[in-house]
Amino acid sequence: MLPDRPGRAPLPGLTHAGGSPAAGSSRGEMQLAPLPFYRKLCYAIGGAPYQMTGNALGFFLQIFLLDVVQLEPFHSSLILFLGRAWDAVTDPAVGFLISKSPRRRLGKLIPWIVSSTPFGVVFYCLVWSTPSDTMPVSLKFLWYLTMYCFFQTSMSCYHVPYSSLTMFLGGNQRDRDSATAYRMGVEVFSTLVGSGIQGQIVGGYHASMMKSCSVPNGTLYNSTFPGLTDTLENTRKAYVIASVVLGSLYCMACLILFLGVKEQPGPLSPLGKTQLPFFHSLRIILGHLPYVWLLGGFLFMSLAFQIAQGIFAFFCTHAAGLAGRFQHLVLIMLVVASLSIPFWQWFLVRFGKKTAVFVGLSLIIPALIVITLVRHNFLLFVFMVILAGCSMAVLYLLPCFAGYRASDCTHNPSVILTLQILMAPVPITLLLIAMAILRFYPIDEERRKQMRVEMEAASNWVKNENPGETKP
C-alpha cells in the first residue's frame, strides 16, 4: 500500500495558474473546462503496469526462485523479504525527491514516469531471467536481489508520481473523481491480465516438470536424464517470454499515458517546494492516532494476504497435488474478486466500513482452512478460491521450508506441514490481529458524519466572514 506523498493532498479553493483567486464566481471558484473522456481513459491505463507486474511477482516469484532457479529456501526468503523492505524505503524517499524536483516543460510528475519506464521494463525482465547453472550460489543470490531491488526502485519512480497525478489532470473535483474511478477499474482488470498471462504461459511447464518425477531415481532436476533438463530449460524460457509480454504492455501503458495526458498546474501549486522537513512531516503524520490505528490494521491485513498470495502456487504444486492447475485457480480467484467489488461497495455504503471489513475478512478464514486439509480435489479448490476471492481486499515473506530441496520429487512431512502452516494458521492469525486493531479504530460511521458536518460548518463560517475570498 503506497502512503500519501508530500504535496499530494488537494488544497481548498481553486486558483489560476498564476496563483491568484479566480474571478467571476461569488465563491471564488474558477470555471474549468470538463476533463475529456479520452484523457480519463489514458490516465487510467497508466496505472496498469503497477498491478500487472505486482501480481505476477506476488503469485509466481517464489515458485520461480525455488523450483526453476533452484535457490536455497533461505536465499529465496531473503530476496523476497529484503526486496519488500527496500520497496517500503523507496516509496517515501521517491515521494520526497519528487516534491523537491523542479517543474519542467512536460510538468513535474510525467518526466519521472516516462524516464523510469525503460529501467522498470529491463529490470523486470532480468528478474525472470536465469543465469548459468555454473554461476556460484552466492552470485545468483546477489543477482536476483539486485535486480529485484532495482525493479522496485524503478516502479516507485513510476507509481509514486502516477498516484499524485490525479490532482493535476485538470477539470474540477468531479472530473478527477471520475478519472479515479476509471483508474480503479483498469487496475482491477490489470490484476487479471498480469496473473492470467503469466499463469497461462508458465503453468503448463510446471505440470510437465512434476510429471517428470515418474523417473525411477525419484529426483527431478539434478538428474542427467535429457528429458528432465529440456523440461527445466523450457520452463525458464516460458518465464522469459511471459516477462517480455508484460514488459511490452508496461511500455504501451506508459506511452498511452504520455500521449493522452497533459499535466496541469495544481491548485495553489501544491507541488512546489515542501515547506516542512521530511522527518518533521513524518512525525506529524504518525502523531495522528486514528491514522496509526488504521495503518496498523492494514499492515497486518495486507501481510496476511501477501503471504497467502506468495505461497499459493507453491502450495498447490507441492502440497495439494494440483501442479498443472494452480494458474486456473489464480485466475478464478481474481475474477471473482473483481466481480464482487460492486457488491462490497454497496455493502460498505449500506452497513458501514467496519462491518464490511469484518464480514469480508471472515470469509477467507474457512476457505484457507479447507484448502490446507484437502488434496487432489480441483472442484473443491475452485469453490474455496471463489470464497477467498470474495474476501480479497488487498493483495512476500517466505520462511525457510524445513528440509525443502528443489531436486526432490516428493517431500518429507515437515515440508508439507510447513506449507500448511503458512497457508492457513499464519494468515488467519494476522487477519485476526488486523480485525482486532480495526475494531478499536476510533472513527466509525457516526463519527465520520459528525466530522463532515463540523467541517462544512467551519467552511461556511469562513465564507460568511470573508465574502468573495477563498481561504486555503
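**Exercise 1. State whether Q152 is buried or exposed, and place Q152 in the fold.**

Solution. Q152 has a relative accessible area of 6% and is therefore buried (buried means under 20% relative accessible area, exposed over 50%, partly exposed in between, with a 1.4 Å probe and protein chains only). Next, the element: Q152 belongs to helix 5, residues 137-164 (helices are DSSP runs of H or I with at least four residues, strands are runs of E with at least two, and both are numbered from the N terminus). Last, the neighbours: leaving out residues up to four places away in sequence, Q152 touches G83, R84, W86, D87 and T90 (contact means heavy atoms within 4.5 Å).

The model is a predicted one, in which local features need pLDDT of at least 70 and side-chain atom pairs count only at pLDDT 80 or more, while totals for chains, interfaces and linings use all residues. Residues are numbered from 1 along each chain as its sequence is written, and side-chain values use heavy atoms, without hydrogens and water.

**Exercise 2. Find which parts of the model have pLDDT under 50.**

Solution. Start with the whole protein: the mean pLDDT is 75, and 72% of the residues reach 70 or more (pLDDT is the predictor's confidence in each residue, from 0 to 100). Then go to the stretches. Residues 1-30 stay under 50, with 56 contacts beyond four places in sequence. Residues 216-225 are also below 50, and this stretch has 21 contacts beyond near neighbours in sequence. Where pLDDT is low, the predicted coordinates should not be read in detail.

**Exercise 3. Determine how many disulfides the structure holds, and check C254.**

Solution. The count is zero (a disulfide is a pair of cysteine sulfur atoms within 2.5 Å). C254 is in no disulfide, and the nearest cysteine sulfur, that of C251, is 7.4 Å away. As for accessibility, C254 is buried at 6%, and C149 is buried at 14%.

**Exercise 4. Say where W293 lies and how accessible W293 is.**

Solution. W293 is in helix 9, which spans residues 289-318. Its relative accessibility is 30%, so W293 counts as partly exposed.
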